[in-house]
Every structure is written in structure tokens, then in C-alpha cells.
Amino acid sequence: MSAASISREHSPGATPPRASSLRLVGPGAEHARARALPPLGAKYTSDAAAYAVALGPKDATDTAAVARALPDPETLGPGTLVIVLPQIADAPSFAGRFLAALGRGPTISRALRATALVARGYVRVGAGVDHETRSDLVWGFTPGA
């Protein structure tokens, strides 16, 4: 299975952590802001304590590329929640909008996102489906508290 495979089904996994607001960051953040619904019933804000990472097509090639796109855990406070979004956020196009409307936009595998979080130094890494957006989420926390 390729890193940018189309995800069709995911096991429910763990229950995602809760966050009322998320700071949208990452190389795909600009394109994701207008198109990706915030998971967990949260809102995107510029001062949120938790982070949502949006990846672009060049960031979904392998574990090292995904890991490089993640925030450095040493620059975040202890116990900070970081969620890696499954959709590949690319520049708007008709084909991209059409596939996304069908729920078939390109995604990054759960295993690749989780492995990248561990490689980058995040702890308590988990995965599960957000029941509000039906997104397949992967998350981790910075070491500490």
C-alpha cells in the first residue's frame, strides 16, 4: 500500500482526545483551512493549545517526509496534543473537489502518520475515527506532564 493511498475503511480505534480549538499548521494548512472541517467539534484558531497538522502532496511520500512536516515537540509545551489530519491538502482543482465530495480524496495512511509521530518523538500515539467528521485521525502528545 502506498503512503498516499486512498483510505476506504478504518477500524474505529481509540476514542480521539477532545479539544475545543485547534491551531492548523503544516505545509498544507493554507489549502486545508478553507476545505477541511476541524475534527473533534473544534474550531481552528491561531492561539489554540492543541495542533492539527495538514500535509501536502510532497509531505506524504514516506515516514521521513511526514516527520519533517510535524512541529518539533521540543518547541511545544509538555503534553501538547498534535493531530495529523488524513487528507492530503493540495491546491484547489475541479478534480480534487469532485473526489473530496465523493469522500475519495487522497489520504495518508494511518500507519504512516503514526510512525512519523513516534519517529519525531511524540508519545501516547493513538488513532481512531472522529465521529463528527468521520475523519481517520492520528494523534500524539509531546513528552512531559
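User: How many bridges join β4 to β6, and do they run parallel or antiparallel?

Analyst: Start with the general idea. Strands of a sheet pair through backbone hydrogen bonds, either parallel or antiparallel. In this predicted model, β4 and β6 run antiparallel, and four bridges join them. Take L81 as an example: its bridge partner in β6 is F141.

User: What is the order of strands in the sheet?

Analyst: Read it across: β2-β1-β3-β4-β6-β5. The sheet is open, has six strands and shows mixed pairing. β2 (43-44) and β5 stand at the edges with a single partner strand each, so one side of each lacks a neighbour in the sheet.

User: Which strands does α4 lie across?

Analyst: Helix α4 lies across β4, β5 and β6. Its angle to β6 is about 10°.

User: Which residues of α4 are buried, and what covers them?

Analyst: In α4 (residues 110-120), the buried ones are R110, L112, R113, A116 and L117. Their cover includes α2, β4, β5 (123-129) and β6 (136-141). Just past the helix, G121 has a positive phi of about 110°.

User: Now a loop residue. Is T80 buried or exposed?

Analyst: Buried means under 20% relative accessible area. T80 has 10% relative accessibility, so T80 counts as buried. T80 sits in the loop between α2 (63-69) and β4 (81-88).

User: What is T80 in contact with, beyond its neighbours within four places in sequence?

Analyst: Those contacts are A49, Y51, G140, F141 and T142.

Methods
Residues numbered from 1 in each chain as written. Predicted model: local features only at pLDDT ≥ 70, side-chain atom pairs only at ≥ 80, totals over all residues. Heavy atoms only, no water. Helix = DSSP H or I, 4+ residues; strand = E, 2+ residues; numbered from the N terminus. Buried < 20%, exposed > 50% of the residue type's maximum accessible area, 1.4 Å probe, protein only. Contact = heavy atoms within 4.5 Å. Pairing = 2+ DSSP bridges. Axes fitted to C-alpha atoms, helices over the stretch in contact; angles between N-to-C directions.
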